[in-house]
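The sequence and structure come next.

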Amino acid sequence: MPEDKNKNIKNLNITGRFAPSPSGRMHLGNLFCYLIAWLSIRQQGGRVILRMEDLDIVRCPARYSVGVLDDLNWLGLDWDEGPYYQSQRGEFYQAKLDELEKLNLLYPCFCTRADLKIASAPHMSDGKIIYAGTCRNLTPEKINLLKKTRKPSWRLKTPDEIFDFIDGHMGYYAENLNQDCGDFILKRSDGLFAYQLAVVLDDADMGVTEVTRGADLLSSTPRQLYLYQIFHLTPPKFYHIPLLLAPDGRRLSKRDRDMGLDILRGRYQAREILGKLAYLAGIHPDASPVSLEDLTAKFNWNLVPRENIIVPDYLF
């Protein structure tokens with residue numbers, strides 16, 4: 001990072017973040033998300049935080065975090081704070097989890113994946129499994145008995161209440177947590193803290209005011225709003241953006257090796273990749289090379305599509 005890394009900050013009241021899960025080298029979908037998040041914050045003169053969501057250290061070895069840093073530096077997508085690492089914040093998460101237990105909002109769950117499939121009914125609209133509350137009212141005696149043979153996960157009790165919000169890009173969204181989600185896990189049986197808990201605590205602790213992320217996380221937002229409410233924290237403004245899809249309609253992932261930055265860097269210059277992604281985002285008229293300065297000047301949320309975007313074969 002350059003020594004004058006704070007030169008872009010003009011408004012300390014606006015903070016965005018990029019929070020990749022470093023389980024492999026970055027692909028176009030990761031970069032597409034960060035580019036839009038970065039442009040939105042930089043245009044407002046805000047600060048950018050980089051955080052590695054490496055809770056699962058087995059899936060997220062350190063070399064992948066190093067790769068993310070290298071890719072971002074090569075592209076010129078800078079940041080003002082971090083990188084922070086969730087794998088180093090376990091004591092913080094546990095302390096907050098203990099608070100929930102004292103409020104009688106947390107309970108141990110001994111259900112296996114097979115149990116969940118048998119006991120839970122899929123959500124009518126999307127096939128999502130909703131937890132049936134099987135372990136919510138176990139007696140202390142039953143809990144002690146089950147703990148002898150199985151480590152529990154820890155679930156948060158959800159209210160029969162609607163949590164809604166206005167997404168900055170997708171508009172109105174609402175869920176009844178109890179009916180549309182069910183009690184959800186905050187700590188897995190293997191001891192790993194869940195994304196829902198860590199992301200809320202980290203964003204609040206780091207002063208994040210604007211979150212830009214993929215539309216696949218839209219449905220997780222009501223759960224997070226519930227956690228913000230419990231902890232008396234102020235939630236950020238959310239912007240959910242369309243996903244990039246392969247020509248056959250599959251969501252881009254780290255398995256798509258030809259769409260990984262480690263491969264694309266051997267084919268294109270940074271300005272070329274930025275131009276192609278900005279074209280897909282609707283903020284550049286064509287796929288020609290472009291600078292971050294030019295993109296920042298003309299960024300407009302109204303130009304960004306709301307439907308998922310197919311990356312045509314000819315573009316990369």
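## R51 and D202

R51 and D202 form a salt bridge (a side-chain nitrogen of Lys or Arg within 4 Å of a carboxyl oxygen of Asp or Glu), with the closest N and O atoms 3.7 Å apart. The pair links distant parts of the chain, 151 residues apart: R51 belongs to strand β2 (residues 47-52) and D202 to helix α7 (residues 195-205). Helices (H or I, at least four residues) and strands (E, at least two) are DSSP runs, numbered from the N terminus.

R51 counts as buried because its relative accessibility is 0%, and D202 is buried at 0% as well. Buried means under 20% relative accessible area, exposed over 50%, and partly exposed in between (1.4 Å probe, protein chains only).

## Basis of the values

The model is predicted: local features need pLDDT of at least 70, side-chain atom pairs count only at pLDDT 80 or more, and totals for chains, interfaces and linings use all residues. Residues are numbered from 1 along each chain as its sequence is written, and side-chain values use heavy atoms, with hydrogens and water left out.

## Other salt bridges

The structure holds 17 salt bridges. One of them joins R42 to D78, with closest N and O atoms 3.0 Å apart. R42 lies in helix α1 (residues 28-43) and D78 in the loop between α2 and β3 (81-85), so the pair ties together parts 36 residues apart in sequence. Both R42 and D78 are buried.

## Y64

Y64 lies in helix α2 (residues 62-75) and is partly exposed, at 21% relative accessibility. Its C-alpha atom is 5.3 Å from that of P22, 42 residues away along the chain.
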